[in-house]
Amino acid sequence: MAAKPSIPKGTRDFSPVEMAKRNYIFNTIRDVYHLYGFQQIETPSMEMLSTLMGKYGEEGDKLLFKIQNSGDYFSGLTDEELLSRNAAKLASKFCEKGLRYDLTVPFARYVVMHRDEITFPFKRYQIQPVWRADRPQKGRYREFYQCDADVVGSDSLLNEVELMQIVDTVFTRFGIRVCIKINNRKILSGIAEIIGEADKIVDITVAIDKLDKIGLDNVNAELKEKGISDEAVAKLQPIILLSGSNEEKLATLKQVLSASEEGLKGVEESEFILKTLSALGLKNEIELDLTLARGLNYYTGAIFEVKALDVQIGSITGGGRYDNLTGVFGMAGVSGVGISFGADRIFDVLNQLELYPKEAVNGTQLLFINFGEKEAAFSMNVLTQVRAAGIRAEIFPDSSKMKKQMGYANSKMIPFVALVGENEMNEGKVTLKNMETGEQKLITPEELVSELS
């Protein structure tokens, strides 16, 4: 007996209904990106390993899927190298390419390679799959999509403002209520500086980031474990517990960080973004959140994260400002800011809240029942008119039993069925049946188009 086929762990098949939902997500995000002047690019699924290695840290390098060279890749290896059984070293000898880990490093490579063709500031978006050789678990896959938008070649904070407007517009269109959280790397650096622990910035923010999960006492205990003095931990308390409106938080931070030039710069940047957005009137809540850290080694200015308010789930969008995106490829001084929508988590949120519009999920709107050769020929002419009007329609290809054809319509959730028999052909009409109500009416092809448009 033939072995049952399977797919690699951490990958998924998507059914027609799931694909309709995913396309609704991608198309909504794409439409909003276009509204704000972003242009789409695509980069290859595989990159040279020299492009990818060393950009994600030691752990990230381990999660890269490497692609074996074709041909006799053993010919260049010595017996000593083969017998060493050193997997990493051997892979470097016969793997020159790898699947991309994210869209950011390939984008940096793209900017450097195409610098003479690009007009700066460059506003690009990319919706493509990425791969990580991670241990698959619930909500974590080895193949998943990212929906990135970045502006490079501009330091203006208007870019941050527009990215937050994009986030607000996308989730308003989805009908998902969210809280947009904003912070600034410079504020976090300033906090570490004024409590006398500038070199412990990563330890401080990693601990603070866990406040919601483990509570204040455990955060303080973790800070002390990391070698941060009791005095520094005491100074941190009013900052960690900072509450009130965004304006009140900013006013407090100006006082607390008065001795830190970098900290005040972060406050100033945050104030500009929040004030500008306040004047523009977002539909969703935006909050200055000092516990927001994100990938600290990566971001250099504003950082963002989006949380759904009506579903318990992690961040569904994130991003921030980074300096020197292209420096690793020899093109220094190109600053950028970007966001990435988590399509898979948004998919789960829309499912839980049942927010998919019917028209986004439904495929065929109208099915013509096939009663035989003559009837099918008549139906094909009407079908041409119907499709020309933009109505999604099909004909059952075989003149099978009526029960089978109606079952097909039900299984595909087709809302209308067209019946064409001898009487209909004589009158040049069709009988339209509403599959939900059972109502039937005899109408002309023109009326049919009008009814379903």
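**Pockets, cores and backbone**

Modeller: The lining of the second largest pocket is made up of 12 nonpolar, 7 polar and 6 charged residues. Here Ala, Val, Leu, Ile, Met, Phe, Trp, Tyr, Cys and Pro count as nonpolar, Asp, Glu, Lys and Arg as charged, and the others, Gly among them, as polar. Please note that this is a predicted model, in which local features need pLDDT of at least 70, side-chain atom pairs count only at pLDDT 80 or more, and totals for chains, interfaces and linings use all residues. Residues are numbered from 1 along each chain as its sequence is written, and side-chain values use heavy atoms, with hydrogens and water left out.

Colleague: How much space lies in that second largest pocket?

Modeller: The second largest pocket holds about 550 Å³. On a 1 Å grid over the protein atoms alone, a pocket is an open set of points with protein on both sides within 12 Å along at least five of seven lines, a cavity is a set where a 1.4 Å probe fits but cannot get out, and lining residues have an atom within 4 Å of a point. Grid points are joined across faces, edges and corners, and the volume is the space filled by probe spheres set on them.

Colleague: Which residues are closest to its centre?

Modeller: Of the 25 lining residues, Lys-358, Asn-362, Met-413, Pro-415 and Glu-436 are the closest to the centre of the second largest pocket. Two or more lining residues come from each of helix 14 (343–352), helix 15 (358–361) and helix 17 (402–411). Helix 15 gives the most, with 3 residues. Helices (H or I, at least four residues) and strands (E, at least two) are DSSP runs, numbered from the N terminus.

Colleague: And how many cavities of 30 Å³ or more are there?

Modeller: The count is 1 cavity of 30 Å³ or more. The largest cavity has a volume of about 30 Å³, and its lining consists of Leu-188, Ile-191, Ile-208, Ile-239, Ile-240 and Leu-290. That lining has 6 nonpolar residues, no polar and no charged.

Colleague: What about the largest nonpolar core: which residues have the most contacts inside it?

Modeller: Ile-166, Phe-171, Phe-174, Ile-339 and Phe-341 have the most contacts inside this core, which has 88 residues. Helix 7 (residues 158–174) provides its largest share, 8 residues. Another core, of 19 residues, lies apart from it and includes Val-386, Ile-391, Ala-418 and Val-449. A nonpolar core is a set of buried Ala, Val, Leu, Ile, Met, Phe, Trp, Tyr and Cys residues joined through side-chain atoms within 4.5 Å. Buried means under 20% relative accessible area, exposed over 50%, and partly exposed in between (1.4 Å probe, protein chains only).

Colleague: What does Phe-174 touch?

Modeller: Not counting residues up to four places away in sequence, Phe-174 touches Tyr-24, Ile-25, Thr-28, Ile-29, Ile-346, Leu-350 and Leu-355. Contact means heavy atoms within 4.5 Å.

Colleague: Turning to the backbone, which peptide bond is cis?

Modeller: The bond from Phe-120 to Pro-121 is cis, with omega near -5°. Pro-121 lies in the loop between helix 6 (104–113) and strand 5 (122–131).

Colleague: And is Glu-354 buried or exposed?

Modeller: Glu-354 is exposed, at 70% relative accessible area. This residue, in the loop between helix 14 and helix 15, has a positive phi, near 50°.
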